[in-house]
Amino acid sequence: RRPKKRTKIIEMMEELQKENVYIKDAERVEKLLCQLIQDGKSKLQIITDFDMTLSRFSINGKRCATCHNVLENSSLVPESKKQVLDELRDTYYPIEINAKMTIEEKIPFMMEWYTKGTGVLVECGLKQSDLSLAVKESNALMRDGCDWQFSTLHEHKVPMLIFSAGIGDILEEIIKQHSQMYANMRVVSNYMDFNHDGMLVGFKGDLVHTYNKNEGALRNSDYFTTLKDRRNIILMGDSMGDLRMADGVPNMQHILKIGFLNDNIEERLEKYKEAYDIVLVSDSTMDVPNAILKKIL
Ligand code: C5P
Ligand code: MG
């Protein structure tokens, strides 16, 4: 007799059979899916990263813009400043995705990158009224299936927290231009501070960088407290720092972590498979999370 199969749901879902989908512990994921489906939408909340998770990493082999890139690459930033920002990216992005350094080792470098980078942006005399055009002219894109995901989560009243080390004003504009901001969405990010003339003078509140989202999560414990009955979480991210976005969720019962691995793939795959329940390698779509949502909602 054949042994009893313990991964029935996984095997039934064709989206999970693709070659770029990695599930290290199928039994655990099977159990999780089973629980999430059983508990249903009233117990569910979504916590997601923005850049390179909701937004696309590349199109036709060319990198898509992050929130920061939207400004850095726009005509609003003078050439001399662009050069400085490019140099910062060339210095610090390799550290962000370095597979050998620990998060603790990376944090001081991320602080440096963000502090210097936002400082340069403030020197550019950016105006609030220019942001929409900068997004329009950029190649920032959402993953295929985001639009369906957003409207469906809204329809089923499932709250979605977008937790981003990008720029809040820009990410909202990207979502508005490619989909829609809905009432069930809440954004925690770096928001720009404009003076009465609409000129950028700084950033509001505490800085969110890639590897301090755990602190941000704790600062937003009020949000999580209002959702305390929603004990099941689907977390989506593309960085090891995103795994801590749900820190501070009270009474969490089940968490399914879906990781998009876009860059430095070979070096990081093992770590991602350890840390994320499901790893999607070079996937430009929301097919897998959406297939899971379809089962739950
Ligand atoms: O939304 P998320 O938390 O992913 O936003 C952070 C992203 O922004 C990182 O992937 C980082 O590489 C990118 N970034 C950038 N330029 C900066 C700072 C961050 O492209 N100056
Ligand atoms: Mg990201």
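In what follows, a donor is an N, O or S atom within 2.8 Å of the metal, and because water is not among the atoms a site may look incomplete. The model described here is predicted.

**The magnesium site**

With that definition in hand, the magnesium ion (ligand 2) is coordinated by D49 through OD, by D51 through O and by D238 through OD, at 2.0 to 2.2 Å. Along the chain, these donors follow the spacing D-x1-D-x186-D.

Strand β9 covers residues 232-237 and is mostly covered itself, with six of its six residues buried. Its side chains divide between two directions: N232, I234 and M236 point one way from β9, while I233, L235 and G237 point the other way, and all are buried.

Strand β2 (residues 44-48) runs parallel to β9 and is joined to it by five bridges; within this pairing, L44 stands opposite N232. Strand β10 (residues 254-261) also pairs with β9 in the parallel sense, here over six bridges, and the bridge partner of I233 in β10 is I255.

How many cavities of 30 Å³ or more does the structure hold? There is one such cavity, and the largest cavity contains about 40 Å³ of space. Its lining is made up of I46, Q149, L153, I234, M236, I258, P289 and L293. Helix α7 (146-155), strand β9 and helix α12 (287-296) each supply at least two residues of this lining. By class, the lining of the largest cavity has seven nonpolar residues, one polar residue and no charged residues.

Q149, one of the residues that line the largest cavity, lies in helix α7. Q149 counts as buried because its relative accessible area is 1%, where buried means under 20%. Leaving aside its neighbours within four places in sequence, Q149 is in contact with L54, M160, M236, M286, P289, N290 and L293.

**The largest pocket**

The largest pocket has a volume of about 620 Å³. It is lined by 36 residues, and of these T66, N69, Y93, E96 and W113 lie nearest its centre. Several elements each supply at least two residues of the lining, namely β4 (62-63), α3 (67-72), α4 (79-96), α5 (103-122) and β5 (160-167). By class, the lining of the largest pocket has twelve nonpolar, twelve polar and twelve charged residues.

In helix α8 (residues 168-178), the buried residues are G168, D169, I170, L171, E173, I174 and I175. These buried residues of α8 pack against the helices α3, α6 (131-137) and α7, and also against the strands β5, β6 (185-190) and β7 (192-194).

Helix α10 spans residues 221-226 and holds F224. Is F224 buried or exposed? With a relative accessibility of 0%, F224 counts as buried. Not counting residues up to four places away in sequence, F224 touches Q45, I47, L161, A217, M245, D247, G248, V249 and P250.

Most residues other than glycine have a negative phi. Against that background, N60 has a phi near 50 degrees, a positive value in a residue other than glycine, and N251, which is not a glycine either, has a positive phi of about 50 degrees. N60 is found in the loop between β3 (58-59) and β4, whereas N251 has its place in the loop between β9 and β10.

| Residue | Relative accessible area | Class |
|---|---|---|
| N60 | 80% | exposed |
| N251 | 41% | partly exposed |
| Q149 | 1% | buried |
| F224 | 0% | buried |

N60 is placed in the exposed class because its relative accessible area is 80% and exposed means over 50%. N251, at 41% relative accessibility, is therefore counted as partly exposed, the class that lies between the limits of 20% and 50%.

Conventions. Residues numbered from 1 in each chain as written. Chains lettered and ligands numbered in written order. Predicted model: local features only at pLDDT ≥ 70, side-chain atom pairs only at ≥ 80, totals over all residues. Heavy atoms only, no water. Donors = N, O, S within 2.8 Å, 3.2 Å for Na, K, Ca; no water. 1 Å grid on protein atoms, 1.4 Å probe; cavity = no way out; pocket = protein on both sides within 12 Å on 5 of 7 lines; lining within 4 Å. Points joined across faces, edges and corners; volume = space filled by probe spheres on them. Helix = DSSP H or I, 4+ residues; strand = E, 2+ residues; numbered from the N terminus. Nonpolar A, V, L, I, M, F, W, Y, C, P; charged D, E, K, R; others polar. Buried < 20%, exposed > 50% of the residue type's maximum accessible area, 1.4 Å probe, protein only. Pairing = 2+ DSSP bridges. Contact = heavy atoms within 4.5 Å.
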